Amino acid sequence: MKRLFGLMIATVLLAACATPAPVPAPVPPPQKLRLATTTSTADSGLLDFILPDFQNKFNAKVDVIAVGTGQAIELGVKGDVDVVLVHARAQEDKFVADGNGLNRLDVMYNDFVLVGAKEDPAKVKDMTAAKDAFTAIFKASATFVSRGDNSGTHSKEKSVWAAAQITPGKEMSGYLSIGQGMGETLLFANEKKAYTLADRGTWLSQKSKLPNLIVVVGGETINDNKDKTLLNPYGVIPVNPAKHPGVNFDLATKFANWITSAETQKKIGEYGKDKFGQALFYPSTSK
């Protein structure tokens, strides 16, 4: 009995001296980053591929607003987003020059391709210059679908028409301006068996849904594209907190540094290779 009582006392003393288990520190709620970007980065699947890494590293939740570049920049001008990821250099430079954005960084590039119906009614297949193909489409009165949304792709399309000295909206009955993103525009062009300009990344990711269309200018890879005016660079720009105090400039800057870091740049350059045999985007920086 005395031995049992002694064991009980020892157990109580040991329990009293035991160090309590540490209480884990509470995990803070994720910060929110509002990202305005182009439909091509979303429609191609690139953002779904790379964003989880950023969200995990910085305990962040990225709200992606995928619109045309013009709309994305306008959201930045209003201070409704924290950072923009877009592809229309003239508009980007104006955004920074007007004091709405800071520290633009090159992120990646791909190229534009002209796609059209397999029947190729304007006979532009394998032309090397986009402006010559646009001229042939105009002369053949063929159907051309334009995004018509002030996006980077729409801006490039307008520059090609200008190089061809054609004003399609006024002079071309088969010109259809639909005000849609890249994915929707490709689907509409497929339905109409029409020509349209697309970024190669979205074209590659969507072409299994586009049985009526082929690349007619630009070749099968970026290296095959002889028209260097069709190169398509993307830039990232944090919104200026001095002009828009409500933005999360700290997290936006972390995002800009992350997406241009060597690790993320490598991921960008690998995206799509396993499925399409080529990258959908090519990294611009090598930190």
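**View A. Ala-36 stands opposite Val-84 in strand E3.** Three bridges join E1 to strand E3 (residues 83–86), and the two run parallel. Strand E2 (residues 60–67) also runs parallel to E1, and eight bridges join them. In that pairing, Thr-38 stands opposite Val-67 in E2. Strands are said to pair if DSSP finds at least two bridges between them. The labels themselves come from DSSP runs, numbered from the N terminus: helices (H or I) have at least four residues and strands (E) at least two. Please keep in mind that this is a predicted model, in which local features need pLDDT of at least 70 and side-chain atom pairs count only at pLDDT 80 or more, while totals for chains, interfaces and linings use all residues. Residues are numbered from 1 along each chain as its sequence is written, and side-chain values use heavy atoms, with hydrogens and water left out.

**View B. Strand E8 pairs with strand E4 in the antiparallel sense.** E4 spans residues 105–117, and four bridges connect this strand to E8. To find your place in the pairing, look for Leu-114, which stands opposite Val-217 in E8. E8 covers residues 213–217 and is mostly covered, with four of its five residues buried. Here, buried means under 20% relative accessible area, exposed means over 50%, and partly exposed is in between (1.4 Å probe, protein chains only).

**View C. Helix H3 packs against helix H12.** H3 takes in residues 46–58 and H12 residues 262–270; the angle between them is about 160 degrees, and their axes are 10 Å apart. This angle makes H3 roughly antiparallel to H12, and the crossing of the two is right-handed. On the H3 side, the contact is made by Leu-46, Phe-49, Ile-50, Asp-53 and Lys-57, and on the H12 side by Glu-263, Thr-264, Lys-267 and Ile-268. These residues divide into four nonpolar, one polar and four charged. Axes are lines fitted to C-alpha atoms, for helices over the stretch in contact, and angles run from 0 to 180 degrees between N-to-C directions. Angles under 35 degrees count as roughly parallel, over 145 as roughly antiparallel, 65 to 115 as roughly perpendicular and the rest as oblique. A crossing is right-handed if the near helix is turned clockwise from the far one by less than a right angle, and left-handed if anticlockwise. Contact means heavy atoms within 4.5 Å. Ala, Val, Leu, Ile, Met, Phe, Trp, Tyr, Cys and Pro count as nonpolar, Asp, Glu, Lys and Arg as charged, and the others, Gly among them, as polar.

**View D. Gln-265 is found in helix H12.** With a relative accessible area of 2%, Gln-265 is buried. Leaving aside residues up to four places away in sequence, Gln-265 touches Val-107, Ile-259, Thr-260, Pro-283, Ser-284 and Thr-285.

**View E. Helix H6 and helix H7 pack at an angle of about 75 degrees.** H6 comprises residues 130–139 and H7 residues 152–163, with their axes 8 Å apart. The two helices are therefore roughly perpendicular to each other. H6 brings Ala-130, Lys-131, Phe-134 and Phe-138 to the contact, and H7 brings Glu-157, Val-160, Trp-161 and Ala-163. By class, that gives six nonpolar, no polar and two charged residues.

**View F. Asp-43 lies in helix H2 (residues 39–43).** Asp-43 is partly exposed, at 26% relative accessible area. Its C-alpha atom is separated by 9.6 Å from that of Glu-184, a residue 141 places away along the chain. Not counting residues up to four places away in sequence, Asp-43 touches Met-182, Gly-183, Glu-184, Thr-202, Ser-205 and Gln-206.

**View G. Asn-103 and Lys-193 each sit in a loop.** Asn-103 lies between helix H5 (89–97) and E4, and has a positive phi of about 60 degrees although it is not a glycine. At 53% relative accessibility, Asn-103 counts as exposed. Lys-193 lies between helix H9 (182–192) and strand E7 (196–199). Phi of Lys-193 is also positive, near 55 degrees, in a residue other than glycine. Lys-193 is partly exposed, with a relative accessible area of 43%.

**View H. Ser-173 lies in the loop between helix H8 (168–171) and strand E6 (175–177).** Ser-173 is exposed, with a relative accessible area of 73%. The C-alpha atoms of Ser-173 and Val-84 are separated by 35 Å, and these residues are 89 apart along the chain.
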